[in-house]
Structures are given as structure tokens and as C-alpha cells.
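User: I would like to learn how to read the packing of a helical protein model, one feature at a time. Could you take me through it with the general idea first and the particular case after?

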Amino acid sequence: MKAVREYGLEGVRIQNVSDLAGISPGALYRYFDSKDQLIVECFTYVDQQAAEIFEDIKFNPITLLTDPVRTVKRLWLPYFRFWVAHPDETVFYHRFRDSTFFPKYHETRDTSYFSTFVGMVDTFKTMFPSLKRMNQDLLWLHILTCTVLYAKYVVEGVLPDTQETEDTVFQLLCTGLSGYMKPEKHKKVRKK
């Protein structure tokens with residue numbers, strides 16, 4: 001992942017990886033048939049780490065009814081913070097998902113390790129049936145891609161690692177620009 005961050009997904013070579021790992025290229029080939037297999041294994045590893053976040057989150061479906069936005073934020077925030085805390089993984093993951101490798105890999109990948117998250121999503125769809133009317137692939141692609149992209153901007157120093165960044169990214173994910181495009185109430189100015 002460090003090598004991909006440094007050389008890019010297409011530019012990385014087994015030699016780059018072996019240099020960073022402090023082992024010979026031949027040693028890598030004992031475990032991986034090709035650079036492509038190594039890259040796929042790295043992606044799967046990071047994807048599984050991201051899925052584990054949802055295993056540790058306490059999820060109370062009742063709070064969905066009383067405060068759905070806050071409940072979503074409590075689920076989203078550890079996910080966003082995971083990416084910010086793992087710069088090599090974040091850049092690697094973003095580049096892999098944005099590459100020509102991903103569509104072919106995605107067709108056959110096993111995502112059963114996201115079962116806890118899928119259960120949470122099913123609860124949301126049960127409690128808020130209007131979510132079922134949305135294209136689910138587009139909805140989750142938007143949330144995942146934007147979350148990782150903004151985290152990548154934080155780890156690259158484009159955005160600050162602040163509460164304001166977290167709040168703004170979450171607001172944009174939840175309501176887009178419509179959450180910001182409300183006229184402010186103006187104070188009446190008294191004439192003297």
C-alpha cells in the first residue's frame with residue numbers, strides 16, 4: 001500500500017514493494033502469483049478492516065426514529081475516522097476503486113464480511129421505506145466514494161483534520177447543497 005501511494009497503482013512494481021518490505025522479489029512471488037494478485041489481496045485486507053468498524057459500533061434501531069441524522073452520523077464518523085487514521089490504506093483504497101482493476105474484481109468479490117453493515121442498512125430501509133425507492137448501488141457508491149475521497153484529501157493535507165471538516169463532509173453527504181441553501185433571516189435595522 002505504501003508503494004502504491006508512492007508510485008501509483010499502475011506504476012508500482014514488485015521491486016518497489018520488495019524494497020519497502022526489505023525482502024527479495026522472489027520471496028514475494030512465493031506468496032503471490034503476480035502484482036495484480038498482491039494488489040487484490042491488499043484491497044481485500046483493507047476492505048475487511050473497514051467492515052470490522054461496524055462490528056464494534058453499538059447500533060440501537062430505536063434511535064433511528066427519534067434522531068435519524070444523529071444515528072447515521074454515529075455510524076458514519078468511525079468509518080470516516082478510520083480512513084483518516086490510515087493514510088496509506090486510504091490512498092491505496094481510493095486508487096484501487098477508481099482503477100480498471102476494480103470493476104472486474106467487484107464482480108466476483110466476496111463481501112460477506114459486511115454482513116453487520118448490511119443488517120444496519122436493512123433496518124434503515126425497513127424504518128424508512130422511501131430509501132428503497134433510491135438506486136441502492138448509486139446511494140452506497142456515493143457515500144463510500146465521497147467518504148474515502150474526503151478522507152484522502154485530509155491525509156494528503158488538502159483539507160484540515162478538524163471537527164469542521166467532519167461536520168461539513170457529513171452535511172454534504174446527508175443533504176448535499178440543499179442543506180446549505182437556505183436563506184438566512186436578516187435582522188431588522190432600526191433607523192435612528
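This is a predicted model: local features need pLDDT of at least 70, side-chain atom pairs count only at pLDDT 80 or more; totals for chains, interfaces and linings use all residues.

User: Is Phe 124 buried or exposed, and which residues is Phe 124 in contact with?

Analyst: In soluble globular proteins, nonpolar side chains tend to be buried together. Here Phe 124 has a relative accessible area of 14% and is therefore buried (buried means under 20%, exposed over 50% and partly exposed in between, with a 1.4 Å probe and protein chains only). Leaving aside neighbours within four places in sequence, Phe 124 is in contact (heavy atoms within 4.5 Å) with Phe 59, Leu 64, Val 72, Leu 75 and Leu 131.

User: Which residues touch the most other members of the largest nonpolar core?

Analyst: A nonpolar core is a set of buried Ala, Val, Leu, Ile, Met, Phe, Trp, Tyr and Cys residues joined through side-chain atoms within 4.5 Å. The largest one has 43 residues, of which Tyr 79, Trp 83 and Phe 96 touch the most other members. Several helices each supply at least two residues of this core, including α1 (2-7), α4 (35-52) and α6 (68-85), and α6 gives the most, with eight residues. Not counting residues up to four places away in sequence, Phe 96 touches Leu 9, Ile 39, Val 40, Phe 43, Phe 101, Phe 102 and Tyr 105.

User: How many residues of α7 are buried, and what covers them?

Analyst: Eight of the eleven residues of α7 are buried, so this helix is largely enclosed by the rest of the structure. The buried residues are Asp 88, Glu 89, Thr 90, Val 91, Phe 92, Tyr 93, His 94 and Phe 96, and what covers them includes α1, α4, α6, α8 and α10.

User: At what angle do α6 and α10 pack?

Analyst: Two packed helices are described by the angle between their axes and the distance between the axes. The axes are lines fitted to C-alpha atoms, for helices over the stretch in contact, and angles run from 0 to 180 degrees between N-to-C directions. For α6 and α10 the angle is about 45 degrees, with the axes 8 Å apart, which makes α6 oblique to α10 (under 35 degrees counts as roughly parallel, over 145 as roughly antiparallel, 65 to 115 as roughly perpendicular and the rest as oblique). Among the residues making the contact are Trp 76, Tyr 79 and Trp 83 of α6 and Leu 144, Val 148 and Ala 151 of α10.

User: At what angle do the axes of α4 and α6 cross, and which residues meet there?

Analyst: The axes of α4 and α6 come within 9 Å and cross at roughly 140 degrees, which makes α4 oblique to α6. Val 46, Gln 49 and Ala 50 in α4 meet Tyr 79, Phe 82 and Trp 83 in α6.

User: Where is Glu 166 placed, and is Glu 166 buried or exposed?

Analyst: Glu 166 is in helix α11 and is buried, with a relative accessible area of 6%. Apart from neighbours within four places in sequence, Glu 166 is in contact with Trp 76, Leu 77, Phe 80 and Arg 81.

Terms used. Residues are numbered from 1 along each chain as its sequence is written. Side-chain values use heavy atoms; hydrogens and water are left out. Helices (H or I, at least four residues) and strands (E, at least two) are DSSP runs, numbered from the N terminus.
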